[in-house]
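This report describes the pairing of aromatic rings in one protein structure. Please keep the sequence and the model in view while reading.

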Amino acid sequence: MRVETKESQALAIDVLRHGHADDPRPIIKREPIVQAIGVDQFKLLEIIPKVSDIELHELLYIGDGERPKVERVKRRLKYSELTATAKLELPYAIEKIIVENEERFIEIFNKSVPISLKLHMLHLLPGIGKKLLSEVLDARQKSPFTSFDDIRTRIKSIPHPERMILDRILEEIKDPDVKYHLFTSR
């Protein structure tokens with residue numbers, strides 16, 4: 001349920017120093033490519049770097065103005081267009097984003113609202129059914145959640161809230177036909 005805006009930062013999930021292997025041009029004419037995931041809306045991006053020393057999981061500035069390591073964002077990617085390495089690194093990159101921006105993701109548990117009479121935003125997280133939803137709503141009514149550890153201690157049925165968020169983000173990225181987007185833009 002996000003408004004689409006431009007990403008300003010991205011996390012590198014694969015670095016192709018000599019471009020795509022299936023590129024028919026001679027290797028000297030290929031441009032290096034970085035596959036990355038946006039930090040704010042989890043957009044999959046193909047980036048043309050200025051420098052060759054970009055590492056996996058490095059945070060790259062891709063917003064307006066001077067970009068120290070990025071020449072340009074070439075295009076947006078679909079999940080199926082990612083390299084095998086990028087697909088393997090994607091969950092780790094998303095987990096890093098979640099852990100480093102914990103308060104942003106805690107808001108889902110604190111401020112989520114019903115989508116319809118029968119569906120609540122929290123139902124979209126894997127593993128949350130009616131019983132667990134009512135437990136979360138009761139707990140947050142007493143006091144808002146402050147961290148993932150707070151959720152773990154107050155609601156024993158949710159041992160890994162960050163894993164639930166990670167699984168939902170992956171589902172939204174892999175399946176473009178998902179009806180509701182909590183974390184990604186279409």
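## Aromatic pairs and their surroundings

With a relative accessibility of 4%, F145 counts as buried, a term for residues under 20% relative accessible area, with over 50% called exposed and values in between partly exposed (1.4 Å probe, protein chains only). The model is predicted: local features need pLDDT of at least 70, side-chain atom pairs count only at pLDDT 80 or more, and totals for chains, interfaces and linings use all residues. Residues are numbered from 1 along each chain as its sequence is written, and side-chain values use heavy atoms, without hydrogens and water.

How many aromatic pairs does a search of the whole structure find? The search finds three. Rings of Phe, Tyr and Trp (its six-membered ring) pair if their centres lie within 6.5 Å; planes under 30 degrees apart count as stacked, over 60 as edge-to-face and the rest as tilted. Two of the pairs are set out below.

| Pair | Centre to centre | Angle between planes | Class |
|---|---|---|---|
| F42 and F105 | 6.3 Å | 45 degrees | tilted |
| F109 and F145 | 6.4 Å | 80 degrees | edge-to-face |

F42 belongs to the loop between β2 (33-38) and β3 (44-49) and F105 to helix α2 (residues 102-111), so their pair ties together parts 63 residues apart in sequence. Helices (H or I, at least four residues) and strands (E, at least two) are DSSP runs, numbered from the N terminus. F42 is buried at 3% relative accessibility, and F105 is buried at 1%. F42, F105 and F183 form one aromatic cluster.

The pair of F109 and F145 is edge-to-face and links distant parts of the chain, 36 residues apart: F109 lies in helix α2, and F145 in the loop between α3 (130-142) and α4 (148-154). F109 is buried, at 0% relative accessibility.
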